[in-house]
Amino acid sequence: MTNDEARQSLPEDARLVIEYAFGGVAAQTMRAALRLRVVELIGDKEMTADDVAAEVAAAPQSMARLLRALASMGLLEERTAGTFAVTPAGALLDPARPGSLASIARMFTDPMMLRGWEQLDDSVRTGEVAFDKVFGTDFFGHLKQHPDLSAEFNTAMSQGTRQTAAALPGAVDFGRFKTVMDIGGGDGTLLSAVLREHPAVTGVIYDTEEGLAQAPATLSKDGLTDRCSLVAGDFFRSVPEGADLHMMKSIVHDWSDDQVVTILSHCRAALPPGGRVLIVEPVLSEIVDPETAGRIYLSDLNMLVNVGGRERTRAEFEEVCRRAGLAVTSVTPLPQAPPFHAIEAEVAAD
């Protein structure tokens with residue numbers, strides 16, 4: 001690279017570093033907008049900063065500064081001086097709108113999620129979960145103690161599942177199976193999509209009591225109450241029998257390799273002859289490609305600091321399956337829901 005080329009690339013390199021340095025500030029700006037209900041208040045109309053401030057008893061000048069920051073981020077648009085409208089991206093912060101990502105935004109900007117990140121360097125040094133040290137309990141134990149946070153987390157997981165729920169039923173031949181058990185299936189968003197697409201299949205959602213809390217409403221809304229049952233339990237202790245497909249989305253990445261082997265071993269023990277396990281997770285490439293990686297490697301670090309799990313490569317999925325007595329038979333990318341893949345496994349031959 002010549003000196004001229006280096007000078008030309010420097011502003012873009014500097015922009016990238018500064019953008020990441022301000023990432024936490026941008027996240028907290030969005031969190032403030034959520035807490036002050038800015039997007040909900042403006043809705044489909046235009047509002048002045050003074051009017052928004054009056055609605056939430058805020059200082060008008062401070063509100064104007066917040067709204068301008070949100071406009072600079074592309075979440076609002078300043079139509080005329082001091083008058084704002086919501087952009088399509090900003091509309092996703094309204095919990096009442098279709099496709100809302102408000103709960104995801106709230107969860108990932110909440111102090112509960114962020115305090116462990118302050119200890120990321122310590123987790124990298126030790127390999128230990130920062131969350132447990134900060135809060136004195138594990139992540140899911142903390143949610144159990146805080147029902148409001150648990151409900152928000154369940155909604156966030158549902159919001160994060162919608163894209164996969166739209167892609168998965170057409171990518172996997174679920175018609176081969178009689179009963180699909182969604183292990184850790186939460187409110188049933190994913191399984192409902194499968195059952196709607198495959199009317200001959202019945203379903204089971206297996207999760208903790210807290211995880212199942214919102215499932216009845218989902219099944220009722222989709223008219224699936226008679227085709228899907230709810231079973232409360234702990235997949236570290238056992239997995240119920242009765243399903244010929246055990247499906248898990250965004251479960252395996254929450255846990256260490258040894259814990260994953262325990263879960264998968266319970267699946268293997270409960271499967272009937274010919275049964276399958278379907279793991280729906282991102283699959284890391286062997287070498288990072290920044291053009292396609294998205295945020296998956298940041299998710300990997302989130303697993304490190306908050307829950308002790310990890311994202312995995314294909315070879316690493318194959319290894320935990322092998323240890324549990326399973327053999328991976330296919331890994332199917334979901335182009336409509338990147339970076340997720342459908343990883344199918346069968347009971348390994350003796």
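Here are a few questions and answers on this predicted model.

Residues are numbered from 1 along each chain as its sequence is written, and side-chain values use heavy atoms, without hydrogens and water. Local features need pLDDT of at least 70 and side-chain atom pairs count only at pLDDT 80 or more, while totals for chains, interfaces and linings use all residues.

Q: How many helices and strands are there in the protein?
A: Let's start with DSSP runs, numbered from the N terminus: helices are H or I with at least four residues, strands are E with at least two. On that basis the protein has 17 helices and 11 strands.

Q: What radius of gyration does the protein have, and why does it agree with a compact globule?
A: The radius is taken over C-alpha atoms, and the globule rule is 2.2 Å times the number of residues to the power 0.38. For 350 residues that rule gives a value near 20 Å, so the protein agrees with it at 22 Å.

Q: What percentage of the residues of the protein count as buried?
A: Buried means under 20% relative accessible area, with a 1.4 Å probe and protein chains only. Of the 350 residues, the share that counts as buried is 44%.

Q: Which residues of helix 16 are buried?
A: Helix 16 covers residues 296–307. Its buried residues pack against helix 7 (102–108) and strand 8 (276–284), among others. They are I296, N302, M303, L304, V305, N306 and V307.

Q: Which residue just after helix 16 takes a positive phi?
A: Helix 16 has 12 residues. Just after it, a phi of about 90° is taken by G308.

Notes:
Buried < 20%, exposed > 50% of the residue type's maximum accessible area, 1.4 Å probe, protein only. Expected span 1.5 Å × (residues − 1). Contact = heavy atoms within 4.5 Å.
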